[in-house]
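Here's a quick briefing to read alongside the model.

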Amino acid sequence: MLRLVILASLALLGLCAVDERVIGGTEANRNAWPWQVSLQGYAHYWYHTCGGTLIRNRWVLTAAHCVDRSGTYRVVLGDHNIYETDGTEQYIFVQDIILHEGWNGDLSVGNDIAVLYLEKDAVLNQYVQLGTLAEAGATLPNNFVCYVTGWGYTRNGGTVNPTLQQAPIKVVAYNVCSQPEWWGYYVTSNMVCAGGDGIIAGCQGDSGGPLNCQHNGIFYVHGATSFVAAAGCDTYMKPTVWTRVSSYINWINDKIAFH
């Protein structure tokens, strides 16, 4: 039985990205994904731990497993190379962390989702934009092509990538992904699977980041990266799994409205 491995980076628990890029991807154009954030922790220096999505001027969506441990966090917006100063970055401390009440640390149960309330508003410009969340209840057909993005490992056992990577990745519908030879009972209908071809995947450091899926010329965020197989991020027939954003729209809106 394969263990589940979460997609956090070095300082948290491990996942796996693809090939020598978001596994199987390429370097994104600068600020091609302006809602993508780098979530960073502090241990005598700032380090990338996870991805995330800017969903309001003062709110970021990420995975619960990225922030369920005490610590100091900040988000970096408008970044491309996390080890260099691009001149487009905004650094904002996380003021409050709201975990889903159903998150208990068991990835197969799900609810791996959290929203972060920032210390101040992000300034929207050509480098920093809000992500558009999928509508409540929205699902994607099998083989629908989305994009995985992040600074995660570009090969199994690698390290965080300096520049933002992207890769086209095909959705594996729930009725396929939940079959025994795929993820079986490890996935629920509140998750989105994509990949599983042994080539393209998310990996450590990509956790919490968006699954970007285009419809009518607009990219919608359909997922927050959650887990892959411990056998390797790009394990065949074990696709990357995201928390399905469309299942949590009401929860997200409620937390923002009543904060």
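Let's start with a cysteine pair: Cys146 and Cys213 are both buried. Keep in mind that this is a predicted model. A disulfide connects the two, with 2.0 Å from S to S, and it's one of four disulfides in the structure. There are also 11 aromatic pairs and one cavity of 30 Å³ or more.

**Disulfides**

- As a reminder, a disulfide is a covalent bond between the sulfur atoms of two cysteines.
- The link of Cys146 and Cys213 has a torsion of about 105 degrees about the S-S bond, so this disulfide is right-handed. It links distant parts of the chain, going from Cys146 in strand S10 to Cys213 in strand S13, 67 residues apart.
- Cys203 and Cys233 make another disulfide, with 1.9 Å between their sulfur atoms. This one is right-handed too, at 65 degrees about the S-S bond.
- Cys203 is in the loop between strand S12 (191–194) and S13, while Cys233 is in the loop between S14 and S15, so the pair ties together parts 30 residues apart in sequence. Cys203 and Cys233 are both buried.
- Cys50 and Cys66 also form a disulfide, and their sulfur atoms sit 2.1 Å apart. Here the link is left-handed, with -90 degrees about the S-S bond.
- Distant parts of the chain are linked here as well: Cys50 belongs to strand S4 (residues 46–56) and Cys66 to the loop between strand S5 (59–62) and strand S6 (73–77), 16 residues apart. Both Cys50 and Cys66 are buried.

**Aromatic rings**

- Among the 11 aromatic pairs is Trp59 with Tyr117: the ring centres are 5.0 Å apart and the planes are at 50 degrees, so the pair counts as tilted.
- That pair links distant parts of the chain, with Trp59 in strand S5 and Tyr117 in strand S8 (residues 114–118), 58 residues apart. Trp59 and Tyr117 are both buried.
- Trp183 and Phe227 are another pair, with ring centres 5.3 Å apart and planes at 85 degrees, so they meet edge-to-face.
- Trp183 comes from the loop between helix H1 (174–177) and S12, and Phe227 from strand S14, so the pair ties together parts 44 residues apart in sequence. Both of these residues, Trp183 and Phe227, are buried.
- Trp33, Trp35, Tyr147 and Phe219 are joined into a cluster by ring pairs.

**The cavity**

- Searching the whole structure turns up one cavity of 30 Å³ or more, and the largest cavity holds about 40 Å³ of space.
- Its lining is made up of Leu107, Gly110, Asn111, Asp112, Asn190, Met191, Ser226, Phe227, Val241 and Thr243. S14 and strand S15 (240–244) are the elements that give two or more residues to that lining.
- By type, the lining residues split into four nonpolar, five polar and one charged.

**His222 and its surroundings**

- His222 sits in strand S14, and it counts as buried because its relative accessibility is 7%.
- Which residues does His222 contact, leaving aside its neighbours within four places in sequence? They are Ala134, Ala138, Leu140, Val192, Leu211, Cys213, Thr243, Arg244 and Val245.

**Positive phi angles**

- Some background: most residues other than glycine have a negative phi.
- Asn143 isn't a glycine, yet it has a positive phi of about 75 degrees. You'll find Asn143 in the loop between strand S9 (132–133) and strand S10 (145–150).
- Is Asn216 buried or exposed? Asn216 is exposed, because its relative accessible area of 68% is over the 50% cut-off. Asn143, at 46% relative accessibility, counts as partly exposed.
- Asn216 also has a positive phi, near 55 degrees, and it too is a residue other than glycine. Asn216 lies in the loop between strand S13 (210–215) and strand S14 (218–229).

Technical notes: Residues numbered from 1 in each chain as written. Predicted model: local features only at pLDDT ≥ 70, side-chain atom pairs only at ≥ 80, totals over all residues. Heavy atoms only, no water. Helix = DSSP H or I, 4+ residues; strand = E, 2+ residues; numbered from the N terminus. Buried < 20%, exposed > 50% of the residue type's maximum accessible area, 1.4 Å probe, protein only. 1 Å grid on protein atoms, 1.4 Å probe; cavity = no way out; pocket = protein on both sides within 12 Å on 5 of 7 lines; lining within 4 Å. Points joined across faces, edges and corners; volume = space filled by probe spheres on them. Nonpolar A, V, L, I, M, F, W, Y, C, P; charged D, E, K, R; others polar. Contact = heavy atoms within 4.5 Å. Disulfide = S-S within 2.5 Å. Phe/Tyr/Trp six-rings, centres within 6.5 Å; stacked < 30°, edge-to-face > 60°.
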